[in-house]
Amino acid sequence: MNQHSSYSRTGYCPICEDATKFAAQYDWYRDHLRCSRCGSIPRERALARVLSRHFPQWRTLAIHESSPGAVGISPKLKRDCAGYVASHYFPGVPLGKQVDGLRNENLELQTFADESFDLVVSLDVMQHVNQPADVLHEIARTLKPGGVYLFTVPTYKERVASERRALYQPDGSVQHYVEPEYHGNPISDAGSLVTFHYGYDLAELIHKWSGMDVEVVRFHDHSHGIIGDFTEVYLATKPFGSDATGVSDTFEGAVETRDVDGRWPTAVRTMCENASRLQGVLPEVHKEDFIFRFVYDHPGFPTKDEAVDYYFKDGARSAAKVRRVVNERMGTLEPLAILEFAAGYGAVTRHAKTALAPHILHSSDIHPQANDFLTNVLGVKSVQSADVPEELSLPTEYDVIFVLSFFSHMPRSTWGRWLQRLYAGLQPGGILLFTTHGTTSMQYFPQATLDGTGYWFDQSSEQGDLETAKYGQTITSKEFVDAHIAQLLGAEYLAYEPAGWWEHQDLYIIRKPSVAAHVGNQMKAAGDQY
């Protein structure tokens, strides 16, 4: 960026709605070509042009603007629109509260009611959000049918595919994939971390994430002072007759949502609220959540507060580890279909929903009330599991299926059949991640003795509502598991980590062959018959 009188001319400002002069002392016009009357910059004027063209009645609409600026179009929206609401995110402040005239809202988890707004507006916010899929989903939820998300965001001409640059982890740390980049922040001198560089696939991603239709408007307009880099304005429209939750995030057979009677005493709920706030997740815990009950009643924790804190932190750790596996083994920003099988009441799900975005997360459990809770409270689509592996009906084939502490409870009669069924539920090239009680876990079961195949089962369980003959305590050796993996047609053995989960359960990762490899395996299998 060079400092010199690089540009000056008269024109018409769509924000002032009057003749003006545009001037820049720096050649980075995007931030420095200002209107002499209102101080606006090109992207604000570009949004104002689109606003007046597409919504001439905008002053009568209900509008939500996220992270408004002090000059330019934000003061105009606030002054002229009676239905205008401005928000910003203030960590540590209860969501929905007012702070200096701004409503505290996390774009990824908003407190606005469904269908509240005709328009949602933001200027250069989307490159700073952690989980854009959640943001688009929430914006679509708060828009009325036919409503529009009108926004600007830098779109890099040289980039075909969008790139994640940084990821905020559940524990508050940041994983940087490239050198950190910061932009200005209207409420903080520290600036805002750039989490994404978007490419020309953004319009398609918006539709996949939210189901909204997308129009992109670009400018090179001297008369209105809209020149320089990144002049794109996006209009994402919520279709009529749609919940705009994304085509690939709905399916036949989803569990019908019902009211959930899952309330704990006030003291327990308060502990959950305190612990969940640190992780940035919902605090609701179902009263039948057996994992929560096991942790809450465990004598190893000095206080109940520490037990509840562990429950939320442990779920966050598992979700983050699944994310790392997905990043390492799948290596794509393109939204994947992911299934958490045997999800229980969401100990991991509540964290995975955010940690795995922009990928699409579904859940499945044997308990109907757990599936209701996962869908109705945690907001994750769920599908009912089955007692018999062959009767499990999945709505689609998944790119990733992860199964934590399920094979550690299966009797011999269903252990291998469940592995076969879940492997069959993968897309070609998809991965299955699962954990078992291995030999390290035997320290918790002093009575256990592995048989000649490397298997031990005991009819006991911390879940009182399941038949212990069908859901007990299982320990398997690596040799036992390897023998079953070898029976999966074409399975690629990606990883084995002894005591790789919770410091005692063994981790296995396998991949289903790609289409080409699958055909080759079928041909080989057919040839072996002759």
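This is a predicted model: local features need pLDDT of at least 70, side-chain atom pairs count only at pLDDT 80 or more; totals for chains, interfaces and linings use all residues.

Tutor: Residues are numbered from 1 along each chain as its sequence is written, and side-chain values use heavy atoms, with hydrogens and water left out.

Student: What percentage of the residues of the chain count as buried?
Tutor: The chain has 13 helices and 26 strands, where helices (H or I, at least four residues) and strands (E, at least two) are DSSP runs numbered from the N terminus. A residue is called buried under 20% relative accessible area, exposed over 50% and partly exposed in between, with a 1.4 Å probe and protein chains only. Of the 530 residues of the chain, the share that counts as buried is 52%.

Student: How many aromatic pairs does a search of the whole structure find?
Tutor: A pair of aromatic rings is described by the distance of the centres and the angle of the planes. Rings of Phe, Tyr and Trp (its six-membered ring) pair if their centres lie within 6.5 Å, and planes under 30 degrees apart count as stacked, over 60 as edge-to-face and the rest as tilted. By this criterion, the number of aromatic pairs found is 25.

Student: Is the pair of Tyr149 and Phe151 stacked or edge-to-face?
Tutor: Both Tyr149 and Phe151 are buried. Their ring centres are 4.3 Å apart and their planes stand at 15°, so the pair is stacked.

Student: And which geometry do the rings of Phe341 and Phe406 have?
Tutor: Phe341 lies in strand E18 (residues 337-341) and Phe406 in the loop between strand E21 (398-403) and helix H11 (412-424), so that the pair links distant parts of the chain, 65 residues apart. Both residues are buried, and both belong to one aromatic cluster whose members include Trp415, Trp418 and Tyr496. With the centres of Phe341 and Phe406 5.2 Å apart and the planes at 85°, the pair is edge-to-face.

Student: The charged end of which residue sits over the ring of Tyr496?
Tutor: A charge sits over a ring if NZ of Lys or CZ of Arg is within 6 Å of the ring centre and within 35 degrees of the ring normal. At 5.0 Å from the centre of the Tyr496 ring, the residue is Lys478.

Student: With which side chain does the side chain of Ser162 make a polar contact?
Tutor: Ser162 is placed in the loop between strand E9 (143-152) and strand E10 (163-164), and its relative accessible area of 7% makes it buried. A polar contact is a pair of N or O atoms within 3.5 Å; within protein, one must be able to donate a hydrogen and the other to accept it, and residues adjacent in sequence count only if both atoms are side-chain atoms. The Ser162 side chain reaches the backbone nitrogen of Gly199 at 3.0 Å. The side chain contacted at 2.6 Å is that of Asp201.

Student: Is Phe230 buried or exposed?
Tutor: Phe230 has a phi near 55°, a positive value in a residue other than glycine, and its place is in the loop between strand E16 (213-217) and strand E17 (233-237). At 14% relative accessibility, Phe230 counts as buried.
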